[in-house]
Amino acid sequence: MKDDFLVFDHVTKRFGALTAVNDVSLTVNRGEFFSLLGPSGCGKTTLLRMLGGFERPDSGRIYLEGKDITDLPPNRRRVHTVFQNYALFPTMTIWDNIAFSLKLAHMDGKEIEEKVEEILEMIQMSDQAWKYPSQLSGGQKQRVAIARALVDRPQVLLLDEPLAALDLKLRQHMLLELDTIHDQVGITFLYVTHDQGEAMSLSDRIAVINRGKIEQLDGPAKIYEAPASRFVASFIGDTNFISGEIVSVEGDYCFIKTDGFAQIKAFNDKNLATGQRVGLSVRPEKIRVTLSPPPPEKGAAINVFPSTVKDIVYQGVYTKYWLDANGVRISALKPHSRFLLDQEAITWNDKVFVWWHPDDGYMVEEDDV
Amino acid sequence: MVGVRNKLREVGLTMPSFLWLSFFFVVPTVIVLSIAFHAASPDGGIAPGFTLATWRSISNPNYPAIVWRTIWISALTTFFCVILSLPCAYAIARMTTKWRAAVAGLIMLPFWTSFIVRVFAWRTLLNPEGFLQGLLSSIGIIDQSVSLNYNSGAILVVSVYSFLPFAIMPIYAAAEKFDFSLLEAARDLGARSFFAFRKIFLPGVRRGVISAVLMVFIPAIGSYVIPDLVGGTDSELIGNKIYQRTFPDRNLPHASALAGLTAVAVLLPLGCVAWWMKRQDEREAKRLAEATSRRISGGAA
Amino acid sequence: MKKSAFCIVILALVLVFLYLPIFVLVGNSFNAAKFGGEWAGFTFDWYAALFSPRNREIWMSFKRSLLVAAIATVVSCVLGTTAAMALNKWKGRLQTVHFGLIYTPLVVPEILMGISLLMMFASLKIPCGLLTIIIAHITFCISYVTMTVLARLQDFDDRITEAAYDLGAGGLYTFFHVTLPILMPGIVAGGLLAFTLSIDDFVITFFVTGPGADTLPLKIYSMIKHSRQMPVINSLSTIMLVLTCLLVGVSRIVANHRPHRHLKTTK
């Protein structure tokens, strides 16, 4: 374990009665873009601050390249943070902000100049070097904060919700830029966010955190397609979550009995046995809504339920339908495309069919309630 | 270990000011209060031994009259300062940013000239041969024989003059943060402008008014220069008496007892204001809590 | 709108009220009449008299005032800044008491502080003079500096010092290169306030002064009380007023002018 790049080993941190981080162990690889994703107050920022040296864990150790850094003060770790509100030094120019860590390292003037110029070039702000932070826009401040933290090549770069203060357009632009910067410098990025979109598009791996514990640690696709718990399923994207019990198993598939539906067929990848209580997550975009029943040749293999359209919300990229299937509320998405408009338009109170492939439902084990 | 170092740093940063003020503010205050329980020695010093004689002698009818006059003039000064400040603060807060800074600067500028000199200038102004006397008697407001100087009225005018900037500033600071669209909303809903001013603006700048009251009332109570330069013999305030007992009479216990009395005159209203504000805050917090819980339970139902 | 007009009229009247004595003062400094009652012709005599050797005492006391104010400002700036930092950073019982100590002098009338310091100096047999004046001035200036710096600190983002540590700076380096420059406007504002209060203080100084230690306000007071030199005071005040206006104007211009550095300072 000590050979790993960055290791949290059974780390716990309490603030009074609140356990912010509860016995978390995780390993981050060198050069990885790693995200800590969770709702506000879940402990992700505390984890980050412990790595930065601003908080000390109550128990557990943190190792960086085999060295125990748990008790080192922030200024003696080669781990730099990009703060949420950037925390640029307001009395210094952009140039002096970026040169801060280099001057502390007693680097000679020529070398400092080269390094600062180089990184200014990278963030495309060479012509703004003599401005003060108050003269910059949000996106520019963000880039300076990243440059300041990267200029002396830290072992790890910590980013604490760095895009939260930017507007949507700028956020999308900075996402691409962050990705490019990460590819260019090859430094390990540890990224804290509550925005699943950011985490999904940037990360090599994501740790989904809830109430101080890691719920799931996987790649973005795995987290979306195969959520490990009900929390992960509902926190990452939208989902229809249906609780029920396995009544029979048939090859790779099983049948689930739920309150509203007679039987739902689902892919049984975990080889769960009859009698197990499960939650079934079906993403809205995997559900089809049609006025006429699906072609009979598919009929036997898939899940089909008659339902009533309750609400229709046009959202540009797609339209969202709220349906009532035997008392169960189902949401479904339908993209706008000529190919899918070959039938009559669906409207309020229409009797429709919702159907999805058994492989598109994903089961999560649930304890008896 | 970290805790000890943290504590050391706290003590290190706290002690310079802490010790200085303990030694040069708290200790002198205690000394003054203790001297008030001693008798004066004939040579102008303090006689040993505990006595209540000083306190008995300041309860003679002469002193209560002075204390009463001091409080009365201070209260009037405060009242006029606040009454004049409210429309001023309102007017400044409604100006554009550029004008605001200019007018606020104009109000504070007299504050940068010597206080003594300004009071002295008023003495010239109120002089029997002075400008104001001539002006007021020529338009027939006062009789030529009435003296403007050396009475309680002169003290009041000069006090209002001296403390007015200290009343305008906090009210203006509060008015600057006030959301003036509230007034428009009130007008829109049919409130008359004075009603809107009283019911919306006044509560909105409440905190500014309170600090204005304190900023004026406290120095007014301890005022010495103004009654000394423009007051008359029958309009002495407590400040003059403290000075008189300290220097010409050299009766330190007496002066100390008067100082104690002044402190009470200041701390009593101060305590009342603090208590009232705390109660208001608590009420507000309670109201908020109730409203929130009602909403939560309403939402759950 | 009618409301606004009414308020503006009141504001204008208040401004006239505030400037009335100052106009009288400036006018009388050029008035040949000795008691300033009525206009007796234009003269520069009082300005000449101000600089005549007869009035050397005025300038001596002015110098003393400057000295006292300078020392009181520097010391109270140091004590006030440390106090504000302690109050901002820690919230324990010590700081509650500390805050009480800082706050109370602000709500106690000057005359009480004057008399209590006098009594203490008297009972400790410390002779009153320049030293006691300086001590008194530092005592009342600390609270004002602390409050001004504290206001600035409350806007201060702790993440900025964290960022400095994070980038490898130690405590002292962070304080002198990051915290202090950010606090500087607050400290300067507090210092300016302290300087003004000190140079203009009459009551407290009046109580703790000793022979030969008169500051300018005391000198002016004794001239008002005992001598017939009032017009000289007017001319002195006019000069001080003009100087103050210039100073305020210059500082405004300096504050509005952003430093535009095109040269690299770091080598």
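Before you start: this is a predicted model, where local features need pLDDT of at least 70, side-chain atom pairs count only at pLDDT 80 or more, and totals for chains, interfaces and linings use all residues. Residues are numbered from 1 along each chain as its sequence is written, while chains are lettered from A and ligands numbered from 1 in the order in which they are written.

**Exercise 1. Find out which of the touching pairs of chains has the most contacts, and how chains A and B relate.**

Step 1. Count two residues as in contact if their C-beta atoms, placed from the backbone, lie within 7 Å.
Step 2. Two pairs of chains touch, and the pair B and C has the most contacts.
Step 3. Chains A and B share no contact; their closest C-alpha atoms are 11 Å apart.

**Exercise 2. Describe the make-up of chain A and of chain B.**

Step 1. Take helices (H or I, at least four residues) and strands (E, at least two) as DSSP runs, numbered from the N terminus. Chain A then has nine helices and 20 strands, and chain B has 13 helices and two strands.
Step 2. Call a residue buried if 20 or more other C-beta atoms lie within 10 Å of its own, exposed if 12 or fewer, and partly exposed in between, with C-beta atoms placed from the backbone. Buried residues are 40% of the 301 in chain B and 38% of the 369 in chain A.
Step 3. Look at contacts between residues at least 6 apart in sequence: in chain A, 64% of these join residues at least 24 apart, and in chain B the figure is 71%.
Step 4. For the dimensions of chain A, its C-alpha trace spans about 75 × 45 × 35 Å along the principal axes.

**Exercise 3. Work out which part of chain C meets chain A, and what covers helix 7 of chain C.**

Step 1. The meeting involves 19 residues of chain C and 24 residues of chain A.
Step 2. On the chain C side, helix 7 (158-166) and helix 8 (171-200) each supply at least two residues. Helix 7 of chain C gives the largest share, six residues.
Step 3. Within helix 7 of chain C, the buried residues are Ile160(C), Ala163(C), Ala164(C), Tyr165(C) and Asp166(C). Their cover includes helix 8 of chain C, plus helix 1 (44-52) and strand 6 of chain A.
Step 4. Go past the end of helix 7 of chain C and you reach Gly168(C), with a positive phi near 110°.

**Exercise 4. Is Glu65(A) buried or partly exposed, and what about Ala87(A)?**

Step 1. Start with the background: most residues other than glycine have a negative phi.
Step 2. Glu65(A) isn't a glycine, yet its phi is positive, about 45°. Glu65(A) sits in the loop between strand 4 (59-64) and strand 5 (67-68) of chain A, and it counts as partly exposed because it has 15 C-beta neighbours inside 10 Å.
Step 3. Ala87(A) also has a positive phi, near 50°.

**Exercise 5. Classify how helix 4 and helix 5 of chain A pack.**

Step 1. Helix 4 (residues 138-150) and helix 5 (residues 168-185) of chain A come out at about 20°, axes 11 Å apart.
Step 2. Angles under 35 degrees count as roughly parallel, over 145 as roughly antiparallel, 65 to 115 as roughly perpendicular and the rest as oblique. So helix 4 and helix 5 of chain A are roughly parallel to each other.
Step 3. The residues making the contact include Ile146(A) and Leu150(A) from helix 4 of chain A, and Leu170(A) and Met174(A) from helix 5 of chain A.

**Exercise 6. Locate the kink in helix 3 of chain B.**

Step 1. Helix 3 (residues 62-93) of chain B has 32 residues and reaches 46 Å from first C-alpha to last, close to the expected 46 Å (1.5 Å times one less than the number of residues).
Step 2. The bend at a residue is the angle between axes fitted to the seven residues ending there and the seven starting there. In helix 3 of chain B, a kink of about 25° falls at Ser85(B), shortly before the proline Pro87(B).

Conventions. Axes are lines fitted to C-alpha atoms, for helices over the stretch in contact, and angles run from 0 to 180 degrees between N-to-C directions.
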